[in-house]
There are 2 protein chains.
Amino acid sequence: MTAPAPEFTPRQNEVLASALRLVVEGGEKALTTAAVARAANCSKESLYRWFGDRDGLLAAIVAHQASKVRVPHENDDQLSASAFRERLVTFAEDLLTVLAGDTSLALNRLAIGQASREGSPLGRLLLERGRLRIATRARVLLEAGAAQGHIAAVDATEAYRTLYGLIVRDAHGRWLLGQEPEGAEADFAARANLSVDQFLTLFPPDAQNTGRPAG
Amino acid sequence: MTAPAPEFTPRQNEVLASALRLVVEGGEKALTTAAVARAANCSKESLYRWFGDRDGLLAAIVAHQASKVRVPHENDDQLSASAFRERLVTFAEDLLTVLAGDTSLALNRLAIGQASREGSPLGRLLLERGRLRIATRARVLLEAGAAQGHIAAVDATEAYRTLYGLIVRDAHGRWLLGQEPEGAEADFAARANLSVDQFLTLFPPDAQNTGRPAG
DNA sequence: TCGCCGCCGAACCGTACCGTACGGTACCAC
DNA sequence: GTGGTACCGTACGGTACGGTTCGGCGGCGA
């Protein structure tokens, strides 16, 4: 692999952080080049020299935030069944916390709002640098669990998507539309526990199938 | 209830259909008042007289489309287990078909892109007139199934959300970001069958719990 | 000390779009 | 015929924003 990817200078990262704050607070409409320059105490000239374009600035914001996504590169071998389950619960809770966060919601709204354009580079960026990383983290965990006989996952991707559905359900969609997490839905720990229980019910260690009852 | 809700005159519905086509094809950016007037062969003056405002036009588009959502008001009593299961599969396939459709994606993108504003009236509109209706349709079905002992659903809303998660998983989010359904994911019938199987596994008729294994 | 470079702040330009105003037309009531 | 209403098409004002240009300033090497 290459060096730890400077990608942007410290000053540029500073500007991108300011821009991110703007878009988190006011949505895309608030992200004018003049506003970014004012908030970051820099000139529009520098913005255009560094990022080339408004779209380039948007892409840089997404890339900047994605670069902060760190996968806890932990050792998944030699896990007991209970430790494996605990890892799944932690993943579930982390996932809900991230998806409900202001930053994630703002960037997803930004990319989705622009996804009508052909190509939709922002959406692709978010998929590849955000969701894909999270999915990969979960998949290696699931594959390790399957290798050690804790679950019967024939296809890690399929299993991951089921896990995701049980954890998130329709909550992300509602949050994206402006609904706030309320009541029991805000208890991410409880939700994480329940969804992992359901997942382990669907993929029991001894079964050969993928949750489909025999018959 | 009131009369079948004229809500808009035929001419206005015609204009709204044109506007909907515009937003489906080109996203929100393509939906300028001038473009709507040109596409619908009407004057901007009429647009503003009828809908008051550009935001009013957006809301009218959503309301117009939502009014076309028809819940098949069918009789859910006296269903055999297999007929109940068939109803669930039909619901699942309908849900996937709707969510993957151009119109649904365009309107969801529109509302999500505007959801940063406080209040987010479009998001609320979509939640109340779109998702809530679909959820209600599923809930009455699930309650009927529970009453007849086909599933063990203590809370219809909880059960519905689990069903939704098993059906949709992370597909809707990926579609919203511009990814196309491809491969096995495009086979909605197969997906519907699998997810209903999983749902029935989690909510078996004889069990008393909500999918959590005893212990 | 001098010139070069990167950057800031501000002014500027062209354009796109919202909202309104106005002239012209078809239709209806009387 | 006459007035009224609803509508179309277009032109216009005002504004906001993306992108460019310019003057000035501090730092830095020679």
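Chain A and chain B bury about 3,700 Å² between them, and 59% of that area is on carbon and sulfur atoms. Three residues of chain A, namely Arg161(A), Arg169(A) and Leu177(A), supply 21% of the area that chain A buries against chain B, more than any other three residues. Before I go on, please keep in mind that this is a predicted model.

Why start with an area? The size of an interface is often given as the accessible area lost when the parts come together.

Next, the residues involved. The contact takes 41 residues from chain A and 41 residues from chain B. Of the interface residues of chain A, 100% are also interface residues in chain B, so the copies meet through the same surface.

How are the two copies placed? Chain A is superposed on chain B by a rotation of 180°, with 0.0 Å of shift along the axis and an RMSD of 0.0 Å. That is the relation of a two-fold axis.

How many salt bridges does the rule find between chain A and chain B? There are eight across this interface. One of them pairs Glu158(B) with Arg169(A), where the closest N and O atoms are 3.2 Å apart. Arg169(A) was also among the three residues I named for buried area. The rule also finds six residue pairs in polar contact across the interface, both residues being at pLDDT 80 or more.

On the side of chain A that touches chain B, five helices each supply at least two residues: helix 6 (102-113), helix 7 (121-147), helix 8 (156-168), helix 9 (171-176) and helix 10 (188-202). The residues on that side divide into 13 nonpolar, 16 polar and twelve charged.

Let me turn to the DNA. Around DNA strand D there are 15 residues, and the closest are Lys44(A), Glu45(A), Arg54(A), Arg11(B) and Ser46(B). Both chains are represented in that list.

Thr33(A) instead places a polar backbone atom 3.0 Å from a phosphate oxygen. For Asn41(B), a backbone N or O atom lies 3.4 Å from a phosphate oxygen.

Helix 3 (44-51) of chain A and helix 3 (44-51) of chain B are the elements that give two or more residues to this surface. Helix 3 of chain B gives the most, with four residues. The surface near DNA strand D divides into three nonpolar, five polar and seven charged residues.

How values were computed. Residues are numbered from 1 along each chain as its sequence is written. Chains are lettered from A and ligands numbered from 1 in the order in which they are written. This is a predicted model: local features need pLDDT of at least 70, side-chain atom pairs count only at pLDDT 80 or more; totals for chains, interfaces and linings use all residues. Side-chain values use heavy atoms; hydrogens and water are left out. Contact means heavy atoms within 4.5 Å. Buried area is the accessible area (1.4 Å probe) that two parts lose on being put together, summed over both. A salt bridge is a side-chain nitrogen of Lys or Arg within 4 Å of a carboxyl oxygen of Asp or Glu. A polar contact is a pair of N or O atoms within 3.5 Å; within protein, one must be able to donate a hydrogen and the other to accept it, and residues adjacent in sequence count only if both atoms are side-chain atoms. Ala, Val, Leu, Ile, Met, Phe, Trp, Tyr, Cys and Pro count as nonpolar, Asp, Glu, Lys and Arg as charged, and the others, Gly among them, as polar. Copies are superposed by least squares on the C-alpha atoms of residues with pLDDT of at least 70 in both. A residue is near a molecule or strand if one of its heavy atoms lies within 4 Å of it.
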